[in-house]
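Please open the model in a viewer and keep the selection panel at hand.

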Amino acid sequence: MSVLEVRDLRRSFGGIEAVAGVSFALEEAEILGVIGPNGSGKSTVFNLLTGVVAPSSGDIRLRGKSIAGRKPYRIARAGIGRTFQIPALFTNMTVQGNLYAAIVEGDWKHAPERAAQVLELMNLTPVRDELASSLSGGQQRLLEFGRVLMRDPDVILLDEVAAGVHPTLRATILGAVSELQSQGKSFVVIEHDMELVRAICQRVLVMDAGQVVAEGSFEQIASDKGVVEAYLGVPVE
Ligand SMILES: Nc1ncnc2c1ncn2[C@@H]1O[C@H](COP(=O)(O)OP(=O)(O)OP(=O)(O)O)[C@@H](O)[C@H]1O
Ligand SMILES: [Mg+2]
């Protein structure tokens, strides 16, 4: 059984169908890339998967159980975590404080131990007592990713987590993703950086105007001239 299964998901905002019939499955320990032009509905898919926005129709199944339209806290509890395209940090709290605050409910006892692991994984141990506002943009993205890991989700949704991040910090992000994948975590990764997609994604969905217009390995997608020109707008060698 797939970890996550999405069937004919739809969501309209006024007259715009932002997500217009999206279906896909995510397998255990898979990294699935989602690419497509601005406004093609990628982040809205994440908002639907995490309950931030309710679907107009369609179904979302996590290990076979429907979670479509559930409240965000229930979906988080069921094991889906996500980063936001614009990091949602508590800027006046320390790095470590931000990790603790991400626990929200439940496992307080293990918070210090868990935070220490996350700080190590994200290379943030040296700045754990700094205010989040003092971090670089790249470090803030690492912290945003780290916050997601505090609740130990099975499915991790990353929304452009490496966008504009310095190569050194980007390598930290990629290392963390690989490490988590080897622990059996599954990922959906929205990304505009094709090199990153090529490096980590086993499979790629191409979205345009709310629909999945192509699906396959990076090589299959990149060799599809129609997809590359029409939907990516950038040449891929
Ligand atoms: N809450 C909302 N209310 C109204 N319109 C919305 C809302 N969320 C998304 N949209 C619209 O839905 C469409 C898809 O937006 P979305 O953010 O999902 O695109 P995206 O593929 O993530 O783009 P980008 O690459 O720029 O992040 C856009 O036209 C956007 O304006
Ligand atoms: Mg987006």
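This is a predicted model: local features need pLDDT of at least 70, side-chain atom pairs count only at pLDDT 80 or more; totals for chains, interfaces and linings use all residues.

## First stop: helix α4

Residues are numbered from 1 along each chain as its sequence is written, and chains are lettered from A and ligands numbered from 1 in the order in which they are written. Helices (H or I, at least four residues) and strands (E, at least two) are DSSP runs, numbered from the N terminus.

Select residues 111–121, which form α4, and colour Ala-115, Val-118 and Leu-119, which are buried. Viewed down the axis of α4, the buried residues fall within an arc of 100°, so they line one face of the helix; the arc is that of the directions from the helix axis to the C-beta atoms. These buried residues pack against α3 (95–101) and α5 (137–149), where contact means C-beta atoms, placed from the backbone, within 7 Å. Next, select Asn-123, which follows α4 and has a positive phi, near 60°.

## Second stop: the largest nonpolar core

Select Leu-32, Phe-145 and Val-189, which touch the most other members of the 66-residue largest nonpolar core. Such a core is a set of buried Ala, Val, Leu, Ile, Met, Phe, Trp, Tyr and Cys residues joined through C-beta atoms within 7 Å. The element that gives the most to this core is α5, with five residues. Centre the view on Phe-145: beyond its neighbours within four places in sequence, its contacts are Thr-83, Met-122, Leu-158, Val-161, Ile-173 and Ala-176.

Display the open sheet with the order β6-β7-β8-β3-β9-β10, whose pairing is mixed; two strands pair if DSSP finds at least two bridges between them. At its edges are β6 (80–82) and β10 (211–216), each pairing on one side only. Within the sheet, select β7 (residues 155–159) and β8 (residues 186–190), which run parallel and are joined by five bridges. Leu-157 has Val-188 in β8 as its bridge partner.

Display the open antiparallel sheet of four strands, in the order β2-β1-β4-β5. β2 and β5 (65–66) stand at the edges with a single partner strand each, so one side of each has no neighbour in the sheet. β1 (residues 4–13) pairs with β2 in the antiparallel sense over eight bridges, and Phe-13 stands opposite Ile-16 in β2.

Now select ligand 1. Among the residues that surround it are Phe-13, Ile-16, Gly-41, Lys-42, Ser-43, Thr-44 and Gln-85, a residue being near when its C-beta atom, placed from the backbone, lies within 6 Å. Which element gives the most to the shell around ligand 1? That element is α1, with three residues.

Finally, select Lys-42, which lies in α1. With 26 C-beta neighbours inside 10 Å, Lys-42 counts as buried. Apart from residues up to four places away in sequence, Lys-42 touches Val-34, Gly-36, Ile-190 and Met-207.

Key: A residue is buried if 20 or more other C-beta atoms lie within 10 Å of its own, exposed if 12 or fewer, and partly exposed in between; C-beta atoms are placed from the backbone. Two residues are in contact if their C-beta atoms, placed from the backbone, lie within 7 Å.
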